[in-house]
Amino acid sequence: MTRLLTDEVKARRRDTDPLRTWRKWLRRPGSLDGRDVCVLMSWGRDPSVSEHALILARGWAAAGFAVVLVVARDDPRTFDTEQDLSFCEAVLLRANSGYDFGAWAAAIRDLPELTNAGLLAIANDSVLGPLNGFTTMIDEVRRHPAALVGAVRSLEQGSHLQSFILFFKPAALRHPAFTRFWRKVRDGDRDWAIRRYELSLERWFIRSGVTTAALFPRVDQTPPFTNPTLVNWRALLADGFPFIKLQLLRDVPDGIDINGWEAALTMAGYDPAIAQRYLTTNPPRIAITAP
């Protein structure tokens, strides 16, 4: 009976429209027409936005993006609404449901004017950055002929653009496939979000005739079914990839050498003490095997 109830609850959660999950705009945006916008999702247990997430959000703002910060909390009533987030264009506080895709869908569907943006980035705070090369990456996105551009392609569980950062140009934003994709997103657990949305997003747009690409194709130099942000983190930094995944430092996947990561961060223009403080309050999870 307990298993049946658990499955029933999971099924209901997967049927929840992101706009029906508790949310509150602490500040709504001004006009976004023609502007570069980043919808940045940040999750945490603390009452305030974490140090590394604030640095990440400020980096997007410094690059000229209007930052729409979506703050997800298991209990949103605990969030410190007095924290200075004035550099953000808008702040949406939301109950933590649906993981990244639920958060992005809630903001995108609440702000239909985003389809008029000049460039839309969706991102999360699962990375340290931005590191040196961030503005160069943005310039490369603008020059690239593809309408949907990801930073990295992974072959883990099938070829897909990793969703921690994706860029939608006007040709993708104005395409009916964009609105249809976000309308179909439903809240669910992590595996649900990965299977239904991260792994299928690129295929959805390709089938609709939207061109796609990854800027850092390091996956071509790794064995099948690998995550290049873990396996090839050094090579990606050398290529100008302006982030390091927190999972790499926190979980230290089996078989991956992370020696010298502090020096690597310093060389990339990022204070490793920020990462050390994060790791102190977010101890490693159970050891994982490199994908």
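S86 counts as exposed, because its relative accessibility is 58% and the cut-off for exposed is over 50%. This residue sits in the loop that joins β3 (66–73) to β4 (90–95). In sequence S86 and R27 are 59 residues apart, yet their C-alpha atoms are 9.4 Å apart in space. These values come from a predicted model. The protein chain has 291 residues, of which 52% are buried.

**Overall make-up**

- The protein chain contains twelve helices and eleven strands.
- Of the contacts between residues at least 6 apart in sequence, 77% join residues at least 24 apart.

**Nonpolar cores**

- The largest nonpolar core comprises 41 residues. V37, V39, F168, F181, W182 and F205 have the most contacts inside this core.
- Helix α3 (residues 99–110) supplies the largest share of this core, namely seven residues.

**Helix α6 and W182**

- Helix α6 covers residues 176–184, and its residues A177, F178, F181 and W182 are buried.
- Viewed down the axis of α6, the buried residues fall within an arc of 125°, so they line one face of the helix.
- W182 is in contact with F101, W104, A105, I108, R109, I122 and F168, when its neighbours within four places in sequence are left aside.

**Helix α2**

- Helix α2 (residues 51–62) has twelve residues, which at 1.5 Å a residue should span 16 Å. Its end C-alpha atoms are 16 Å apart, in agreement with that expectation.
- The buried residues of α2 are H52, A53, L54, L56, A57, G59 and W60.

**Packing of α2 with α12**

- In general, two packed helices are described by the angle between their axes and the distance between the axes.
- Helix α2 packs with helix α12 (residues 272–281) at an angle of about 140°, and their axes are 9 Å apart.
- At that angle α2 is oblique to α12, because roughly antiparallel requires an angle over 145 degrees.
- Where the two helices meet, E51, H52 and I55 belong to α2, while I274, R277 and Y278 belong to α12.

Key:
Residues are numbered from 1 along each chain as its sequence is written. This is a predicted model: local features need pLDDT of at least 70, side-chain atom pairs count only at pLDDT 80 or more; totals for chains, interfaces and linings use all residues. Side-chain values use heavy atoms; hydrogens and water are left out. Buried means under 20% relative accessible area, exposed over 50%, partly exposed in between (1.4 Å probe, protein chains only). Helices (H or I, at least four residues) and strands (E, at least two) are DSSP runs, numbered from the N terminus. The arc is that of the directions from the helix axis to the C-beta atoms. A nonpolar core is a set of buried Ala, Val, Leu, Ile, Met, Phe, Trp, Tyr and Cys residues joined through side-chain atoms within 4.5 Å. Contact means heavy atoms within 4.5 Å. The expected span of a helix is 1.5 Å times one less than its number of residues. Axes are lines fitted to C-alpha atoms, for helices over the stretch in contact, and angles run from 0 to 180 degrees between N-to-C directions. Angles under 35 degrees count as roughly parallel, over 145 as roughly antiparallel, 65 to 115 as roughly perpendicular and the rest as oblique.
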